[in-house]
Amino acid sequence: MSSEIIKGSLETSFQNTIATVQFGHPASNSFPRELLDRLTSEINELSRNEKVSVIILKSEGAKTFCSGASFDELLQVENEEQGTEFFSGFAHLINAMRNCNKLIIGRIQGKAVGGGVGIISACDYVFATPESDVKLSELAIGIGPFVIEPAVSRKIGKTAMAEMTLAAHAWKSADWAFQKGLYSVLSNAENLDAEVESFAQKLSSYNPEALKEMKKIIWEGTEQWESLLFERAAITGKLVLSDFSRNALLQFKK
């Protein structure tokens, strides 16, 4: 594949025992594979950092939290191996987030699509604004939310996940996502950062060992994801090569 994909940005800042990780990409905070790998590595590194007790995950800008996979990079996938490798990026990230021994707070300031919804689902506690609508658009481009499905279903249930998936062109409101359990708190944009910071400060004041044990309990029963998510990546990697997907991606790019 070409190396001309814009890399995007990733920055981590520290305040006492709280680490704030911010990602960004000019294409609506989408994820080329390299940026996925960098975020995964950062989550793994913070998990090992004994000076960190809580992680805040956020993105740049005001309107979009994350638009999922990079369409530019998807269009450059030439075979099943490359397709599986690309979608394995989301598998690695979700597994890193669930295996991280630090609690992860999601700070969602805008809309999320596809893989972005999966990342939100892998957070342990999520603050969002009323503008943070969500959509699983994968069927519309000839694939499906196979890799992120276990994380999304774990948060909102199979029925709501299916509703989102089958209505691939429809946005679900932030209030709908809150009612289904994807979001823990809805906050006005002007109060979002203050509320996230206040909650993170409270969480970081608790016994770090208790937080680690709580994280394990929260994610009990997901051990099979170590293999399941990569099996799902192989399904998606094959489907993205279809003529349907190619034509749909090109239409989305116009």
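**Sheets and a helix**

Start in strand 8, where Lys 135 is the bridge partner of Val 113. This is a predicted model, so local features need pLDDT of at least 70, side-chain atom pairs count only at pLDDT 80 or more, and totals for chains, interfaces and linings use all residues. Residues are numbered from 1 along each chain as its sequence is written, and side-chain values use heavy atoms, with hydrogens and water left out.

Helices (H or I, at least four residues) and strands (E, at least two) are DSSP runs, numbered from the N terminus. Two strands pair if DSSP finds at least two bridges between them.

Strand 6 (residues 111-113) and strand 8 run parallel, joined by two bridges. They belong to an open sheet of three strands, order 4-6-8, with parallel pairing. Strand 4 (64-66) and strand 8 (134-135) are its edges, each pairing on one side only.

Six strands, open, order 1-2-3-5-7-9, mixed pairing. Strand 1 (9-15) and strand 9 (185-186) each have a single partner strand, so one side of each lacks a neighbour in the sheet. Inside, four bridges join strand 3 (residues 54-59) to strand 5 (residues 103-108), running parallel. Ile 55 stands opposite Ile 104 of strand 5.

Now the helix. Which residues of helix 6 are buried? In helix 6 (residues 158-166), they are Ala 160, Met 161, Met 164 and Thr 165. Buried means under 20% relative accessible area, exposed over 50%, partly exposed in between (1.4 Å probe, protein chains only). On the other side of helix 6, Lys 158, Thr 159 and Leu 166 are exposed.
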